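Take a walk through this chain, from its overall make-up down to single residues. Keep the structure open and turn to each site as it comes up.

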Amino acid sequence: MDGEFLRGEPGPGGLAGCDHGGGTIPQEMSLYCIRCGRELACDETADLSTWRGGEFLCQKCRDEEKRVYPFRFSLIQDGYRCWECSCDLTPEAVSDGRAQELRDVSLYLCDDCAAGKRGEGAGIKVGNYTTLRKLGGGLGTVYLAVHDRCKRVVAIKLMNRAEGEVDWLNFLNEVAIITTISHPGFVRFIEFGLKEGNNPFLVMEYVPGGNLLRYIDGEGNPVLHPVDAVLLIADVLEALAYLHDEGYVHLDVKPENILCSEAGGRVQVKIADFGLAANYRRRGGNVLDSTRGGTPGYMPREQLMNRAPAHPTMDVYAAGATLYHLLTGYLPLNFIPQWRVRHEIVHHRYLEILISAGSVDPLDAALHGDIIPIRERRRDLPDALCQVVDRALKLNPEERFATAREFREALLEALF
């Protein structure tokens with residue numbers, strides 16, 4: 001592999017052969033901050049081993065990580081704590097009997113800190129939860145909410161009876177699928193219920209790190225190292241392989257539907273939004289319905305034109321388009337991503353960007369345009385990686401990787 005894509009050597013942090021459980025550290029052992037590499041004083045290591053597993057941070061770096069990634073501090077070994085102020089919420093957290101079951105996906109907020117997160121859409125009672133603010137729209141409305149008794153922070157998708165029939169079917173489809181799958185690469189289902197007026201709601205884990213668009217800057221440029229981008233999509237493909245093994249295809253894989261969280265010092269991705277997902281093995285039940293929507297920039301042509309049964313190769317294409325976007329800032333077809341269109345319209349620069357990019361009408365490009373080889377977008381990528389991405393994006397589904405697992409293995413082989 002080209003030398004410029006090799007990872008740097010790790011810093012001097014980390015421990016070997018010592019007690020990571022909070023015991024005494026030998027005085028002759030030098031400890032270093034895993035983030036900045038500075039040698040630590042004894043008093044700086046006194047309370048860190050409980051949450052960093054022997055990889056220590058100096059106080060300055062610890063304060064910075066707590067500011068940027070406060071959710072990493074919500075759970076520590078001695079109980080359940082507020083993810084903002086770290087006050088002990090163990091009595092509240094265990095009060096509904098689900099704390100241990102949801103330990104890996106739950107965050108908690110005390111009343112004072114929850115009040116500080118209130119915004120538009122706050123104060124709506126949904127079952128045992130109260131909303132703090134609106135997170136997004138689309139299929140139903142998604143809110144950040146907190147459990148009134150146990151203080152667990154969740155994301156709630158709330159539907160309104162006034163929504164159209166297609167939205168209702170998509171929502172019920174999402175509930176049916178998300179309640180039957182269990183994999184760390186997907187947003188965790190917590191519960192389902194009915195609000196006043198028989199409006200259904202879906203409660204899921206809250207993933208606080210945003211989505212993959214965080215890795216495209218305000219000017220549309222990629223910010224991830226190519227190795228990191230590939231590793232994130234490899235995790236996405238691992239989750240999709242599980243989903244396909246269960247008989248489902250997602251049909252709406254895109255950066256906005258891939259959420260990010262910080263765990264163990266690395267980014268963990270979780271796929272969300274199963275409104276368009278389908279059971280591709282069910283006889284007579286796997287034909288696509290063009291009225292159900294999707295995102296043209298990431299949909300293969302056969303899905304957009306509704307001319308083929310749902311199949312895992314559709315998710316292979318969408319994952320390939322997502323990786324293409326992370327590596328180049330562009331879509332495989334010659335038009336601008338929807339999120340960037342909205343951004344440029346707000347800043348009154350859309351026409352300028354449209355002309356400079358040589359972009360054409362999105363629908364025309366999606367229906368009739370050719371895939372632009374990734375090498376033309378970014379010339380410093382390794383040839384092997386370019387070949388793998390281009391194969392995943394073949395317009396003929398029979399020329400793509402047959403499975404998400406095959407695509408994943410080819411990506412990792414191209415890099416390592």
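**From the whole chain to single sites**

The secondary structure comes to 14 helices and 13 strands. The model is a predicted one. The chain has 416 residues, and 49% of them count as buried. Now look at the contacts between residues with a separation of 6 or more: residues 24 or more positions apart account for 60% of them.

Start with helix 13, residues 383–392. Which of its residues are buried? They are Leu385, Cys386, Val388, Val389 and Ala392. These residues cover an arc of only 165° around the axis, so they lie on the same side of helix 13. The general rule is simple: an α-helix has 3.6 residues a turn, so residues three or four places apart point the same way. Asp383 and Gln387 are exposed on the other side of helix 13. What do the buried residues of helix 13 pack against? Their partners are helix 6 (226–245), helix 8 (312–328), helix 12 (374–377) and helix 14 (404–415).

Next, the cysteines. How many disulfides does a search of the whole structure find? The count is zero. The cut-off for a disulfide is 2.5 Å between the sulfur atoms. Cysteine 82 is buried, with a relative accessible area of 0%. Cysteine 150 also counts as buried, because its relative accessibility is 0%.

Move on to the aromatic rings. The structure holds six aromatic pairs. One of them joins tryptophan 83 and tyrosine 206. This pair is edge-to-face, with 6.2 Å centre to centre and 70° between the planes. Tryptophan 83 lies in the loop between strand 2 (79–80) and helix 3 (90–93), and tyrosine 206 in the loop between strand 9 (199–205) and helix 6, so the pair ties together parts that are 123 residues apart in sequence. Tryptophan 83 is buried, at 5% relative accessible area. Tyrosine 206 counts as buried too, with 11% relative accessibility. Phenylalanine 401 and phenylalanine 407 form a stacked pair, because their ring centres are 5.2 Å apart and their planes are at 10°. Both phenylalanine 401 and phenylalanine 407 are buried. Elsewhere, Phe186, Tyr242 and Phe274 form one aromatic cluster.

Arginine 103 lies over the face of tyrosine 80, 4.6 Å from the ring centre. The charged end of arginine 377 sits over the ring of tyrosine 330. The distance to that ring centre is 4.2 Å.

Now turn to the backbone. Most residues other than glycine have a negative phi. Serine 86 is not a glycine, although it has a positive phi of about 65°. Where is serine 86 found? It lies in the loop between strand 2 and helix 3. Serine 86 is buried, because its relative accessible area is 19% and the cut-off for buried is under 20%. Leucine 251 has a positive phi as well, about 70°, and is not a glycine. Leucine 251 is found in the loop between strand 10 (248–249) and strand 11 (258–263). Leucine 251 is buried, with a relative accessible area of 5%.

Glycine 275 lies in the loop between strand 12 (266–271) and strand 13 (278–279). Is glycine 275 buried or exposed? Glycine 275 counts as buried, because its relative accessibility is 2%. Glycine 275 and aspartate 167 are 108 residues apart in sequence, but their C-alpha atoms are 8.4 Å apart in space.

Isoleucine 124 is found in the loop between helix 4 (111–115) and strand 4 (125–126). At 24% relative accessibility, isoleucine 124 counts as partly exposed. Leaving aside residues up to four places away in sequence, isoleucine 124 touches Tyr129, Thr130, Thr131, Tyr143 and Lys195. Isoleucine 124 and tyrosine 143 are 19 residues apart in sequence and 9.4 Å apart in space, C-alpha to C-alpha.

How values were computed. Residues numbered from 1 in each chain as written. Predicted model: local features only at pLDDT ≥ 70, side-chain atom pairs only at ≥ 80, totals over all residues. Heavy atoms only, no water. Helix = DSSP H or I, 4+ residues; strand = E, 2+ residues; numbered from the N terminus. Buried < 20%, exposed > 50% of the residue type's maximum accessible area, 1.4 Å probe, protein only. Contact = heavy atoms within 4.5 Å. Arc of directions from axis to C-beta. Phe/Tyr/Trp six-rings, centres within 6.5 Å; stacked < 30°, edge-to-face > 60°. Lys NZ or Arg CZ within 6 Å of the ring centre and 35° of its normal.
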